[in-house]
Structure formats: C-alpha cells, structure tokens
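Hi everyone, thanks for making time.

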Amino acid sequence: MSNKFIRKDILCRVCGSDEIETILKLNDTPLEDQFVDELNKQREQKALPLELAICKKCGYVHLPYIINPEESYVDYLYKSGVTPGLRLHYDEYAKDIVENYNIEKESLVVDLGSNDGSMLASFKRQGMNVVGVEPANLIADYANQSGIKTINDYFSNEVVSKIVSGYGKADVITANYMFANIDDIVNFTKSVEALLSEDGVFVVETGYHPEQFNIKMFDYIYHEHFSYFTVGTLSYLFDQCGLKIIDVQKTKPKGGSIRVVTQKQDGLRETLPSVGMIIDSEKESNIYGIEMYREFSNSLQELKADLIELLKSIKDKGKSIVAFGASHSTTTLIYHFELSDYFDYIVDDNKAKHGLYSPGLHIPVFPTDRMYVDRPDYILILAWQHKLSITKKHKLIIEKGSTFIVPLPKIDY
Ligand SMILES: [Zn+2]
C-alpha cells in the first residue's frame, strides 16, 4: 500500500534490515488528533492501518505504516502551554540540565519541536540563548510573538546551517516528546550531531514503552507516533549517528518515560552506570522477543470483551453513559475497543476541543458542564491515565448520582 497519505516500510528505519515482524495489529483508525468542526464534518476521514512491528535485528519497535506529515499537521490544535503544571516541570528540567552538565550562561540551547516555546522560556530564565524549531506555523508564530526565536520548519541540514551561521553550534539540544514522531530518524539524528558543539549534550525525553505496556497503555499508539523506544534501540541508533548515551533516567510522564542524555562519541563526559543497568534489565525482561507482545495483544482482547460486556449490560438496563476525554489516545481506544455505540457524546475540560467532533466517527465533544446538566448514570473515562485528576476535579458529579468507569489497566467502577 502506497499513496500520498500512507506508505508501508519493509525495511527497518534504524538498521535497514528486512527482518520485520508485526507484533500488534490494532483496528484501522483515522488520524487520531484530527477533531473537526461542523463544516469539515462533511468530509470523510478515512480509517488507516495501525500496527506495531519489531525489527528482529536491532529490536526497533515502530509503525510500519507511515502517514505523510503534511496530512498529519493540518489541524494541529495542541499547544503545550495550555497544560497546567508544565511551566514548573520545564523550569526544573532546564535547571537540572544546566547544573548537571555545567552549561555556562549565554550558551545556545536549541529545542526541536519547540511548540509554543514554553520549555525554551525556562532555559531563557536560566540565562541561556535560545532558538526553537517548530513545523506548525500558527504555533511558531505564537512563540515568536511571545519572544522565543523560532524557526518555522522541519528540522533538517538546511535548518542546521541556518542556526550555525546565525548563532553558532548548540551546547544543549533538547527533543521533548517529539523524537518518537520523526520518520527519518537516522538522518534527523545525524543532523543533531552536526548542530551539537564538541562538549554539548543532546537530551531526549520520550515515552518508554516497556513501562507503558506494563500498564496496558496501548492507546499511546497513534499514527504520528512512529517509534516505541527502548534504551537498547536508542543506544544502537545513536551509535550509528556519532553520538553516545551517557545517562538515562526514568521519568513519570505519560505512564512511563525516559530522559536520555547523549554527547558526541569522543566527548569527555563519563558514561553513568544507569545506562548499562537499564539495557541489562531490558534484555532480562525479554522486551526484544516477540512472545511478550503476543501476550500483550491477547490481554487487550480479554479486556475489550469484558468492557463491552459491562457497557452492554448498562445499556440493556436503559441507563445512560457519556465518555470523558478527547485526544489522540482516546481515538485509538474508541476504535480498537469499538466503544462508539455505547455513549452519546464526549466531554472534556480542554476548551480547544469544545464544539468539535471526534475523528472519523464524528462524536460531538462538549464542555464538562454538559454532564452536570444531563447527569448520566455512568461516565466512561477514556482519558484513564488522568483518572485521579478527573475524579478529583469532578467529584461533585458522583454526589449527583453518576458513576465513573475506568477502562484500563483493569476495569474499575
Ligand atoms: Zn533494525
């Protein structure tokens, strides 16, 4: 299958091997984040293949079906600045990097996929010179207007030349939850190496799928999320691109993440023992084998059957259900578990989604006020990773007689 929307890779994008095997096949799903307005609702949004595959040679877990990026960035709504609590997180992040790696004031920090510039603003407060690279034009404009110099483009060798001639080489390069969304990951990483100063560090924070899969977080799989990294695969990738990992820390966001620090291969910093320890534990947990993924896939099927049975029995009793959460992960969950027949609409606290319709199925998204008026018998938390903050914020609805259902990692209500 190959057309302007999608292609299927038969070679590993990291090592070039053709020993690729599908390990998880999800239901076909439209682009998960393309919530549409009333006007665009008339347009059909095609469901496209969504699979995970593993390279048997280097262990790279990835989507073999790749969407053209021009398709996926069209209606890009998300701005990192809208997520509360992020400023504090970025301030700590920036401080950690500057202190741990002795980054001098006025050094150049480049953030790739810099979004609205929130993270670079934290580095600026640490006295650094900052430049962002962001392909989504509205968001790049917004960042420039708020005083964060931002190049509106995809990161490439041309962008590297532009930055080096204008500002010099970068002492810190960050890629925050975007490295997994890069198609040509090898050339991208080689461009990073070209931009990095001799004693600079490249810091990647990304989802860590061994931990995400432990809590059944399969709905973090979506069409713009091409790579599902282990430290072992990252180490192999960086090695090919003139970089080496010197530190890895596990972090909490998104059900399990890692912050990986790299430097040039002949860099002077010592490699910390955490790197070897995590790679060893990955080998022991058999994360590079295929059997684990088969079990994972089977356990999802069991969960799906149990959840459908529950929702059916609720509907049979004439009770009402609404769903909570409108994001790329809830789209994956709705499609793979085939949940759309069981609720009338979706509510979300995110204003940017209000008045829109879910991708493909066009289920309306309303403000959470709506559930206080309708008082549904049950509220299915599709955004289950945020169940604590949702049930805390909306505890009043329980007093009004509604019951929350949490679908994952096990059904709870
Ligand atoms: Zn490979």
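Quick housekeeping. This is a predicted model, so bear in mind that local features need pLDDT of at least 70 and side-chain atom pairs count only at pLDDT 80 or more, while totals for chains, interfaces and linings use all residues. Residues are numbered from 1 along each chain as its sequence is written, and side-chain values use heavy atoms, with hydrogens and water left out.

Okay, sheets. In general, strands of a sheet pair through backbone hydrogen bonds, either parallel or antiparallel. When I say helix or strand, I mean DSSP runs numbered from the N terminus: H or I over at least four residues for helices, E over at least two for strands. And two strands pair if DSSP finds at least two bridges between them.

Take a look at the open sheet of five strands, which runs in the order S16-S15-S14-S17-S18 with parallel pairing. Its edges are S16 (365-367) and S18 (403-405), each pairing on one side only. From one strand to the next, the twist averages 35 degrees. Zoom in on S14 (residues 321-324) and S15 (residues 346-348): they pair in the parallel sense over two bridges. Which residue in S15 is the bridge partner of Phe 324? That's Val 347.

Now find helix H10, residues 291-316. H10 lies across S14, S17 (378-381) and S18, and runs at about 155 degrees to S18. For those angles, axes are lines fitted to C-alpha atoms, for helices over the stretch in contact, and the values run from 0 to 180 degrees between N-to-C directions. Contact, by the way, means heavy atoms within 4.5 Å.

There's also an open sheet of four strands, ordered S2-S3-S4-S11, and here the pairing is antiparallel. S2 (20-29) and S11 (227-228) are the edge strands, each pairing on one side only. S2 and S3 (residues 48-55) pair in the antiparallel sense over seven bridges, and Leu 26 stands opposite Leu 50 in S3. And guess who's back: H10 packs on this sheet, touching S2, S3 and S4 (61-62), with its direction at about 20 degrees to that of S2. Helix H11 (residues 328-337) packs on the sheet as well, touching S2 and S3, and its direction makes about 90 degrees with that of S2.

On to helix against helix. Two packed helices are described by the angle between their axes and the distance between the axes. For H6 and H8 (residues 231-240), the angle is about 60 degrees and the axes are 9 Å apart. So H6 and H8 are oblique to each other; under 35 degrees would count as roughly parallel, over 145 as roughly antiparallel, 65 to 115 as roughly perpendicular, and the rest is oblique. Who touches whom? Ile 185, Val 186, Thr 189 and Lys 190 in H6 meet Leu 237, Phe 238 and Gln 240 in H8.

Next, salt bridges: a side-chain nitrogen of Lys or Arg within 4 Å of a carboxyl oxygen of Asp or Glu. How many does the structure hold? It holds 21. One of them joins Arg 7 and Asp 183, with the closest N and O atoms 2.8 Å apart. That pair links distant parts of the chain, 176 residues apart: Arg 7 is in S1 (residues 6-8), and Asp 183 is in the loop between S9 (170-176) and H6 (185-195).

Arg 259 lies in S13 (residues 257-264) and Glu 205 in S10 (residues 196-207), so the pair ties together parts that are 54 residues apart in sequence. Are these two buried or exposed? Both are buried, and buried means under 20% relative accessible area, exposed over 50%, partly exposed in between, using a 1.4 Å probe and protein chains only.

Compare Lys 393 and Asp 349, whose side chains meet in a salt bridge at 3.5 Å, N to O. Lys 393 is exposed at 56% relative accessible area, and Asp 349 is partly exposed at 30%.

Last stop: Gly 276, in helix H9 (residues 273-284). Gly 276 is partly exposed, at 36% relative accessibility. Its C-alpha atom is separated by 16 Å from that of Leu 243, 33 residues away along the chain.
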